[in-house]
Amino acid sequence: MTAPTDRIRAMLTVPVRDDSAGYLDVLDPPEAADSLSLRVMQNPVFAEVYERAWRPIFTRLFSLGGASTVVHDRTLTTHLSRSGDRKVLDVACGPGNYTRRFAAGLTGDGISVGVDFSAPMLGRAVSDNSGARTGYVRGDAHALPFADNTFDTVACLAALYLITDPFAVVDELARVVAPGGEVAVFTTVRTRITAVPGLGVLNRVSGFRIFGRHEITDRLAAAGLVDIEQTITGQGQFVTARKSPAPTSR
């Protein structure tokens, strides 16, 4: 089987600037992040502890210490990791924990591709979550470096609330998924708890965004996706959708 980086290189619509770190870098050198949350994500120390310490705690906070978010996360990722000859894209993949999981059941020419802007996170991904069907790209989620209709499954889990222009990213998820393919998102949702006075100012300062109940679903619908389903668990929402299959010729 061809190496994952070689297969991914052939899928890219832009040139690779550097591949010396084990992932394909299509961006200019990193610039200073414009929010506290993005600066944290680019910190090598945070990249070291993200998967083992920070993410498990943070996921439980969505359920205020309960297990509902963890249970739905496990159910969704099990579905997205099902067996098959599929191309999977994990947007804002961080250290690649989901990316590697999505590759577990792939067959044939199936491949799981993680995209992130953070070099430290991708360094951990290459070190901890590489595999024969897994590879990584340093790229911009606002302008994914792939052609329209490329992937059978596109996911953005536990990341959209940190991205500068999240709705542009939602449009990109819809653009690169193939007809008949699926999109999956896990992100925040506004509730009575997260709507308390003063929290909006803190969110703007930190770069952490809390989405209205219909913002993500409406954007997916506007992008032409169908069969949109939303499950709210605590302060988080799981949203899945599908691109309509291509019409059959007669």
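## A buried ring

At 0% relative accessibility, F211 counts as buried, because the cut-off for a buried residue is under 20% relative accessible area. F167 has a relative accessible area of 14%, so this residue falls under the cut-off too and is buried. Both residues belong to a predicted model, and they return below as partners in an aromatic pair.

## The chain as a whole

The protein chain has 250 residues, and 49% of them count as buried. Its secondary structure consists of nine helices and eight strands. The chain exposes about 11,600 Å², of which carbon and sulfur atoms supply 55%.

Of the contacts between residues at least 6 apart in sequence, 68% join residues at least 24 apart.

## Aromatic pairs

How many aromatic pairs does a search of the whole structure find? The search finds four. One of them is the stacked pair of Y98 and F102, with 5.9 Å centre to centre and 15° between the planes. Y98 and F102 are separated by about one helical turn, because they lie four residues apart in helix α5, which covers residues 97-103. Both residues of this pair are buried.

F167 and F211 form another pair. Their ring centres are 5.8 Å apart and their planes stand at 85°, so the pair is edge-to-face. This pair links distant parts of the chain, 44 residues apart: F167 is in helix α7 (residues 166-176), while F211 is in the loop between α8 (199-206) and α9 (215-222).

## Helices α7 and α9

Helix α7, which holds F167, is mostly covered, with eight of its eleven residues buried. These are P166, F167, V169, V170, E172, L173, A174 and V176. The buried residues of α7 pack against strands β2 (87-91), β5 (151-157), β6, β7 and β8, and against helix α9.

In α9, the residues I216, T217 and L220 are buried. Seen down the axis of α9, the buried residues fall within an arc of 100°, so they line one face of the helix. An α-helix has 3.6 residues a turn, so residues three or four places apart point the same way. The buried residues of α9 pack against α7, β6 (177-188), β7 (225-233) and β8 (236-243). Just after α9, G224 takes a positive phi of about 95°.

## Nonpolar cores

Which residues touch the most other members of the largest nonpolar core? They are L89 and F146, in a core of 51 residues. Helix α7 supplies the largest share of this core, six residues.

Leaving out residues up to four places away in sequence, F146 touches I8, M11, L12, T13, L89, V113, V115, V137, F151, R175 and V176. A second, separate core has five residues, including Y23, L122, A125 and Y136.

## The sheet

The eight strands form an open sheet with mixed pairing, in the order β1-β4-β3-β2-β5-β6-β8-β7. The edge strands are β1 (24-25) and β7, each of which pairs on one side only. Strands of a sheet pair through backbone hydrogen bonds, either parallel or antiparallel.

## Strand β5 and its neighbours

Is strand β5 mostly covered or mostly open? The strand is mostly covered: six of its seven residues are buried. On one side, three bridges join β5 to β2, and the two strands run parallel. D90 stands opposite A155 in β5.

Strand β5 also pairs with β6, in the parallel sense over six bridges. C156 has V185 in β6 as its bridge partner. Strands β2, β5 and β6 are among the elements that the buried residues of α7 pack against, and β6 also packs against the buried residues of α9.

Methods:
Residues are numbered from 1 along each chain as its sequence is written. This is a predicted model: local features need pLDDT of at least 70, side-chain atom pairs count only at pLDDT 80 or more; totals for chains, interfaces and linings use all residues. Side-chain values use heavy atoms; hydrogens and water are left out. Buried means under 20% relative accessible area, exposed over 50%, partly exposed in between (1.4 Å probe, protein chains only). Contact means heavy atoms within 4.5 Å. Accessible areas come from the Shrake-Rupley method with a 1.4 Å probe; for residues, only the protein chains shown count as cover. Rings of Phe, Tyr and Trp (its six-membered ring) pair if their centres lie within 6.5 Å; planes under 30 degrees apart count as stacked, over 60 as edge-to-face and the rest as tilted. The arc is that of the directions from the helix axis to the C-beta atoms. A nonpolar core is a set of buried Ala, Val, Leu, Ile, Met, Phe, Trp, Tyr and Cys residues joined through side-chain atoms within 4.5 Å. Two strands pair if DSSP finds at least two bridges between them.
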